[in-house]
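This report goes through the side-chain contacts of one protein chain. The sequence and structure come first, and the notes follow.

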Amino acid sequence: IKGSLPALYFLNSQQLEFLKGNEQKIEALNQQLKRISSEKFKDPLIQFPNENGELELQLDAGKIIYFKSESNYLEIHVDHKERPERFLLRNRIKIIEELLPANFIRCHRSYIVNRDKIKKVEGSKRGYHLLFDGRADRVPVSRSRIERFNALIERQVTNL
């Protein structure tokens with residue numbers, strides 16, 4: 001009995017350390033779950049400000065196909081009631097990129113695409129081009145962004 005008290009004390013202290021470690025891990029997991037569930041049920045509308053910060057446009061994120069930047073203007077290509085539509089917004093692509101959910105990928109300095117809308121990727125020695133369902137548009141993937149683009153697509157596939 002005398003020898004069992006130190007052993008019990010040692011086992012009890014190890015169990016407490018193990019419990020504390022698990023509590024921290026569990027708390028971190030719960031925080032991630034809260035973040036995931038809050039992102040999952042976010043309002044699908046994205047509000048786009050103009051260059052002055054004033055609300056100019058509000059669009060359903062699921063309908064946006066891609067953004068094309070030219071100077072300080074953005075063309076927003078949208079599937080709207082079974083026909084494509086374009087909106088013009090005066091703002092920089094970098095500002096808009098920060099407003100978008102994770103399924104939007106910056107594939108070129110002038111383009112951001114909705115990865116859920118990509119139908120096919122074509123490639124040649126000059127690089128990749130993205131094709132969308134029912135559209136003739138071809139969006140380039142710049143050579144400097146190919147590796148990141150591949151990693152994002154692979155991550156999407158492994159999450160399915």
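Which side chains meet in a salt bridge at 3.8 Å, N to O? They are those of Arg 86 and Glu 75. The model is predicted, and every value below is computed from it.

## Salt bridges

A search of the whole structure gives six salt bridges. In the bridge between Arg 86 and Glu 75, Arg 86 belongs to strand β5 and Glu 75 to strand β4, so the pair ties together parts 11 residues apart in sequence. Arg 86 is exposed, because its relative accessible area is 57% and exposed means over 50%. Glu 75 has a relative accessible area of 18% and is buried, the cut-off for buried being under 20%.

Another of the salt bridges joins Glu 51 and Arg 90, with the closest N and O atoms 2.4 Å apart. This pair links distant parts of the chain: Glu 51 sits in the loop between β1 and β2, while Arg 90 is in strand β5 (residues 83-90), and the two are 39 residues apart. Both residues are partly exposed, Glu 51 at 43% relative accessibility and Arg 90 at 30%.

## Surroundings of Arg 106

Arg 106 is part of strand β6, which spans residues 104-108. With a relative accessible area of 12%, Arg 106 is buried. Its salt-bridge partner is Glu 97, the closest N and O atoms being 2.8 Å apart. The side chains of Arg 106 and Glu 97 are also joined by a polar contact of 2.8 Å. Glu 97 is partly exposed, at 30% relative accessibility.

The side chain of Arg 106 also reaches the backbone oxygen of His 108, at 3.1 Å. Leaving aside neighbours within four places in sequence, Arg 106 is in contact with Ile 93, Lys 94, Glu 97, Tyr 111, Ile 112, Arg 145 and Arg 148.

## Nonpolar cores

The largest nonpolar core has 16 residues, and the members that touch the most others are Phe 48, Ile 64, Phe 67, Ile 76 and Leu 100. Two or more residues each come from β1 (45-49), β2 (55-60), β3 (64-70), β4 (73-80) and α2 (93-97). Strand β4 gives the largest share, three residues.

Not counting residues up to four places away in sequence, Phe 48 touches Glu 54, Leu 55, Glu 56, Leu 57, Leu 59, Ile 64, Phe 67, Leu 89, Ile 96 and Leu 100. A second, separate core holds 14 residues, including Val 113, Leu 130, Phe 132 and Leu 152.

## Aromatic pairs

How many aromatic pairs does the structure hold? There are five. In one of them, Tyr 128 and Phe 149 are arranged edge-to-face, 6.3 Å centre to centre with 70° between the planes. Tyr 128 is in strand β9 (residues 127-132) and Phe 149 in helix α3 (residues 146-158), so the pair ties together parts 21 residues apart in sequence.

Elsewhere, Phe 48, Phe 67 and Phe 104 form one aromatic cluster. Of these, Phe 48 and Phe 67 are also members of the largest nonpolar core.

How values were computed. Residues numbered from 1 in each chain as written. Predicted model: local features only at pLDDT ≥ 70, side-chain atom pairs only at ≥ 80, totals over all residues. Heavy atoms only, no water. Core = buried A, V, L, I, M, F, W, Y, C linked by side-chain atoms within 4.5 Å. Buried < 20%, exposed > 50% of the residue type's maximum accessible area, 1.4 Å probe, protein only. Helix = DSSP H or I, 4+ residues; strand = E, 2+ residues; numbered from the N terminus. Contact = heavy atoms within 4.5 Å. Polar contact = N/O pair within 3.5 Å; in protein donor to acceptor, adjacent residues only side chain to side chain. Phe/Tyr/Trp six-rings, centres within 6.5 Å; stacked < 30°, edge-to-face > 60°. Salt bridge = Lys/Arg side-chain N within 4 Å of Asp/Glu carboxyl O.
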